[in-house]
Amino acid sequence: MLDTSARLLRLLSLLQTPRVWPGSELAERLGVSGRTVRNDIDRLRELGYPVDATRGAAGGYRLGAGAAMPPLLLDDEEAVAVTIALRTAAQGAVPGTEETSLQALAKLEQVLPSRLRRRVRALQAFTMAVPADRPAPTVSADTLTTLVSACRDRERLRFDYLDHAGSSTRRVVEPYRAVNWGQRWYLVAWDVEREDWRTFRIDRIQPRTPTGPRFTPREPPGGDLTAYVSLRVSSAAWRHHARVTVHAPAPAVIEQINPAVGTVEALDADTCVLTTGADTLQTLAAYLGMLDFDFDVTEPVELVDHLRRLADRYSRSTPPTRCDEKTPSGPSEPASTRSATAEPDDPNETSHS
């Protein structure tokens, strides 16, 4: 059992979690009786910490708002996790916050106990990050804060936006989420004038103030905004697009297709349509071959011609076999090996179709 001082600090640490704690759960966590928990709550109140209590089946304790708030209390694993997060941010995960992340990291390391400081320094000394292939676009922390604040408050947002060609347009949107993918940040929003969903690169946004008025939230596209962004950003970067009829049940094809690289729509119990694309016809043909299902391609014409040339080439490269010989076969590589994390070169603003 913890002594009184250590128990009070542990109780404060639990109450800092934004939830209601039943007295029985606190007693179990601390290894004491319910009466001891009530006495400890009274001690915290005497020390100036505002602890609210509610009665009933869903009742319990929670830390209330007030001027006298406790210091930040972290257990060992939480302290290490926060340190790693700050170190990652200091390496440019969010451009523009490197200096403040280093300052916060220095303050945190200063108050860590020696056993944790040793673990943290080992992580810093013996872990490395591979530099990005190209510099990340700079996203202003102020811009990111403005956008997520508008998302939180459900306020319309006005901003100037630079498209892929460098032309500037004025937009009025209902912002929903800021999504991070790779080294880029995207804003998913409902474009008021175009009456459609749009995905905007945040490094191309220049917010205008004030925000407002408030809006009534809509149902997000597809229900999964991360999948929506990954698909829209990927498809915007594709040079070649294709709709392929696959002779297999949709669930079987979906198992092999990441949402970032294609969508699958069932036609009936045994066939489906795969909408996908790639930068080159060669890559697209290779991906289709990895499905290991029969399929029909009618468009684009360039892809059909390329598949015919491949079929002829494969036929010429395979010597004829005798009837009594069996052609060896091996397991095919699933299409799920196709990378969905490769960042598009320069995706433009995309629309929902």
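This predicted model holds zero disulfides. A disulfide is a covalent bond between the sulfur atoms of two cysteines. Salt bridges are another story, as the count comes to 16. Below is a friendly tour of the cysteines, a strand pair and a few of the charged pairs.

**Cysteines**
- With zero disulfides in the structure, it is still worth looking at where individual cysteines sit.
- Cys151 is buried, because its relative accessible area is 12% and the cut-off for buried is under 20%.
- Cys272 is buried too, with a relative accessible area of 0%.

- Strand S1 covers residues 51–54 and strand S2 covers residues 60–63.
- These two strands run antiparallel, and four bridges join them.
- To find the pairing by eye, look for Val51, which stands opposite Leu63 in S2.
- Five residues lie between the strands of this hairpin, and Gly56 takes a positive phi near 105°.

- Side chains of opposite charge can pair when their charged atoms come close.
- Asp40 and Arg43 give an example, with a salt bridge of 2.7 Å from N to O.
- Both residues belong to helix H3 (residues 34–46), where they are three residues apart, about one turn of the helix.
- Is each partner buried or partly exposed? Asp40 is buried at 0% relative accessible area, whereas Arg43 is partly exposed at 34%.

**Salt bridge between Arg152 and Asp153**
- In the salt bridge of Arg152 with Asp153, the closest N and O atoms are 2.8 Å apart.
- Arg152 counts as exposed, because its relative accessibility is 60% and exposed means over 50%.

**Salt bridge between two strands**
- What links strand S3 (residues 157–162) to strand S4 (residues 168–181)? The side chains of Asp160 and Arg170 meet in a salt bridge of 2.6 Å, N to O.
- Asp160 lies in S3 and Arg170 in S4, so this pair ties together parts that are ten residues apart in sequence.
- Asp160 counts as buried at 18% relative accessibility, while Arg170 counts as partly exposed at 44%.

Note on methods
Residues numbered from 1 in each chain as written. Predicted model: local features only at pLDDT ≥ 70, side-chain atom pairs only at ≥ 80, totals over all residues. Heavy atoms only, no water. Disulfide = S-S within 2.5 Å. Buried < 20%, exposed > 50% of the residue type's maximum accessible area, 1.4 Å probe, protein only. Pairing = 2+ DSSP bridges. Salt bridge = Lys/Arg side-chain N within 4 Å of Asp/Glu carboxyl O.
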